[in-house]
Amino acid sequence: MDNLETIFNNLKGSFDKEEPAIGHEARFLKKLNKRSERSRRSWGQGIWKPLLMAASIALLIAIGFGYFIEKPTTDQQIAKISPEASKTEFYFANLINEQTKLLQSESSPETKQMVEDAMFQLKKLEKDYKKMEQDLLNGGNSKFILSAMVTNFQTRISLLQEVLQQIEQIKVINEKEKTHTLI
C-alpha cells in the first residue's frame with residue numbers, strides 16, 4: 001500500500017486532466033471502423049484468399065482419394081492367404097444362411113424360446129469366427145486357425161440341424177395331441 005502512495009505522490013501534478021475536443025469519440029470510432037474494414041478487405045483480397053482456396057481444394061482431394069481408395073475386405077484378405085478357406089467359407093455361409101432362414105420360419109409360440117436360444121448361440125459362434133479371422137490376418141498359425149474356423153462352421157450347422165429336429169419333434173407331438181383330442 002505504501003508503494004502505491006509513493007508512486008501517486010511522485011506522479012502528482014503530471015496527470016492529464018484535459019478533456020478531449022468535441023467530436024473526438026465520433027472521429028475515433030470512424031477511424032476504428034475504417035481500419036477494421038481495411039483489414040477485412042485485405043484478408044479477402046490479399047494473398048490469403050488464393051492460399052485458403054488452394055488449401056481447401058487440396059483437403060477435398062485428399063478426402064476424395066481416401067474415400068475412393070478401397071481397403072481390401074476381410075474376405076479378400078483371407079482369400080489371398082488361403083483360397084480354399086474362402087471357398088469353404090462361401091459354401092458353409094450359404095448353408096448356414098439357408099438353415100437359419102428355415103429355423104426362423106419354423107418359429108412358433110411353442111418353439112420361440114428354442115429359436116431365440118439358437119440364434120443367440122449362433123451369434124456367439126459368429127463372433128468367435130470373426131476373432132479367428134482377425135487372428136489369421138494377424139499372422140497366427142494358419143493351419144490351426146483354419147481348422148478351428150471349419151469346426152466353427154460345422155458346430156453352427158450341427159446346432160441348426162439339432163434345433164430343427166427338436167422343432168420337428170414338437171410338431172409331431174402337437175399333431176398327435178390334436179388327433180388324440182379329436183378322437
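A crossing of two helices is termed left-handed if the near helix is turned anticlockwise from the far one by less than a right angle, and right-handed if clockwise. By this criterion the crossing of H5 and H6 is left-handed. The structure is a predicted model, in which local features need pLDDT of at least 70 and side-chain atom pairs count only at pLDDT 80 or more, whereas totals for chains, interfaces and linings use all residues. Residues are numbered from 1 along each chain as its sequence is written, and side-chain values use heavy atoms, with hydrogens and water left out.

Helices are DSSP runs (H or I, at least four residues) numbered from the N terminus. The axes of H5 (residues 83–105) and H6 (residues 112–137) come within 11 Å and cross at roughly 165°; axes are lines fitted to C-alpha atoms over the stretch in contact, and angles run from 0 to 180 degrees between N-to-C directions. H5 is therefore roughly antiparallel to H6 (over 145 degrees; 65 to 115 is roughly perpendicular, under 35 roughly parallel and the rest oblique). Contacts (heavy atoms within 4.5 Å) join Glu-89, Thr-100, Leu-103 and Gln-104 of H5 to Val-115, Ala-118, Met-119, Leu-122, Tyr-129 and Glu-133 of H6. These residues comprise 6 nonpolar, 2 polar and 2 charged (nonpolar: Ala, Val, Leu, Ile, Met, Phe, Trp, Tyr, Cys and Pro; charged: Asp, Glu, Lys and Arg; polar: the others, Gly among them).

Helix H4 (residues 74–81) packs against H5 at an angle of about 130°, with the axes 5 Å apart, which means that H4 is oblique to H5. Asp-75, Ile-78, Ala-79 and Ile-81 of H4 and Pro-83, Ala-85, Ser-86 and Glu-89 of H5 make the contact. This set divides into 5 nonpolar, 1 polar and 2 charged residues.

Thr-100, located in H5, is buried because its relative accessible area is 13% (buried, under 20%; exposed, over 50%; partly exposed in between; 1.4 Å probe, protein chains only). A polar atom of the Thr-100 side chain lies 2.7 Å from the backbone oxygen of Ile-96. Beyond neighbours within four places in sequence, Thr-100 contacts Met-119, Leu-122 and Leu-160.

Arg-156 is placed in helix H7 (residues 142–182) and, at 4% relative accessibility, counts as buried. Its side chain forms a polar contact of 2.8 Å with the side chain of Asn-152 (a pair of N or O atoms within 3.5 Å, one able to donate a hydrogen and the other to accept it within protein; residues adjacent in sequence count only if both atoms are side-chain atoms). Not counting residues up to four places away in sequence, Arg-156 touches Ile-96, Leu-122, Leu-125, Glu-126 and Tyr-129.

Definitions and conventions. Helix = DSSP H or I, 4+ residues; strand = E, 2+ residues; numbered from the N terminus.
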